[in-house]
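Good morning, and thank you for the time. I should like to walk through one protein model, beginning with the sheet and then turning to the core and the loops.

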Amino acid sequence: MSRNIILLGPSGAGKSSTASLLSERLALPCLDCDAVIEEKAGQSIASLFMEQGEQAFRDLENQLLDKLVDELLEEPKVIACGGGLPIGNGNMEKLKTLGQTIYLTAEVETLAKRIASQGSRPLLAPDQPEQLIDKIEQLLTCRRHIYEQAHLTIKTDGKTVPEVVAE
């Protein structure tokens, strides 16, 4: 059985950048779930949300996860999950069967700074900038108990990507 390394956690925790560097260091392929979905949909996640709604995006996430489970015996990968992928019914259990799950976490303020400096995050697009922290806290309240089921947890506050990879 392949032993994938699966990074999960909220937007802004550093899943994609950590997965990219970790895959280089381990000489394993990197699979960024959001990037795969964007390629399959032929549009950005933000426009997918806007045009087709969150459920269409979640359906694509679930299809991708099912495909990964079906390919279990193939070459191991470093996988960066979208923030909501583990939350779907039974998805965390599927991820844990795929390999080592690692919850990347950070304080709400750190997540807000990182998200504000990056591109669009459909569920975290605030009407006003000061609402971003409230929206992050709401999502974490709903999702934290799922994320905490991961095999390992790494706090990314104040760390560079290479430091997180080393840890």
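**The sheet and its surroundings**

Leu7 has Ile102 as its bridge partner in strand 4. That pair belongs to the contact between strand 1, residues 4–8, and strand 4, residues 99–105, two parallel strands joined by five bridges. Please bear in mind throughout that this is a predicted model.

Helix 5, residues 91–98, packs on the sheet and touches both strand 1 and strand 4. The direction of helix 5 makes about 120° with that of strand 4.

Let us now widen the view. The sheet is open, has five strands in the order 2-3-1-4-5, and is paired in parallel. Which strands stand at the edges? They are strand 2, residues 30–32, and strand 5, residues 152–155; each has a single partner strand, so one side of each is left without a neighbour in the sheet. On average, neighbouring strands of this sheet are turned by 20° against each other, direction ignored.

As for the whole protein, it contains eight helices and five strands. Along the sequence they follow the pattern β-α-β-α-α-α-β-α-β-α-α-β-α. Of the contacts between residues at least 6 apart in sequence, 75% join residues at least 24 apart.

**The core**

In soluble globular proteins, nonpolar side chains tend to be buried together. Here, buried residues account for 43% of the 167 residues. The largest nonpolar core has 44 residues, and those with the most contacts inside it are Leu8, Ile79, Cys81, Leu95, Leu104, Leu111 and Ile136.

I take Ile79 as an example. Setting aside residues up to four places away in sequence, Ile79 touches Asn4, Ile5, Ile6, Leu7, Leu31, Cys33 and Leu68.

Ser23 lies in helix 1, residues 15–26. Is Ser23 buried or exposed? Ser23 counts as buried, because its relative accessibility is 8%, and the cut-off is under 20%. Beyond its neighbours within four places in sequence, Ser23 is in contact with Leu28, Pro29, Cys30 and Val78.

Ala27 is found in the loop between helix 1 and strand 2. Most residues other than glycine have a negative phi. Ala27, although not a glycine, has a positive phi of about 55°. With a relative accessible area of 67%, Ala27 is exposed.

At the start of helix 2, residues 33–41, a side-chain oxygen of Asp32 comes to within 3.1 Å of the backbone nitrogen of Asp34. Just after helix 2, Gly42 takes a positive phi of about 70°.

Gln43 sits in the loop between helix 2 and helix 3, residues 45–52. Residues up to four places away in sequence not being counted, Gln43 touches Glu38, Leu48, Glu51 and Gln52.

**Confidence**

Finally, how far may the model be trusted in its parts? The average pLDDT is 88, and 89% of the residues score at least 70. Confidence is highest in strand 5, at 97, and lowest in helix 3, at a mean of 85. Where pLDDT is low, the predicted coordinates should not be read in detail.

Note on methods:
Residues numbered from 1 in each chain as written. Predicted model: local features only at pLDDT ≥ 70, side-chain atom pairs only at ≥ 80, totals over all residues. Heavy atoms only, no water. Polar contact = N/O pair within 3.5 Å; in protein donor to acceptor, adjacent residues only side chain to side chain. Helix = DSSP H or I, 4+ residues; strand = E, 2+ residues; numbered from the N terminus. Contact = heavy atoms within 4.5 Å. Buried < 20%, exposed > 50% of the residue type's maximum accessible area, 1.4 Å probe, protein only. Pairing = 2+ DSSP bridges. Axes fitted to C-alpha atoms, helices over the stretch in contact; angles between N-to-C directions. Core = buried A, V, L, I, M, F, W, Y, C linked by side-chain atoms within 4.5 Å. pLDDT = per-residue confidence, 0-100.
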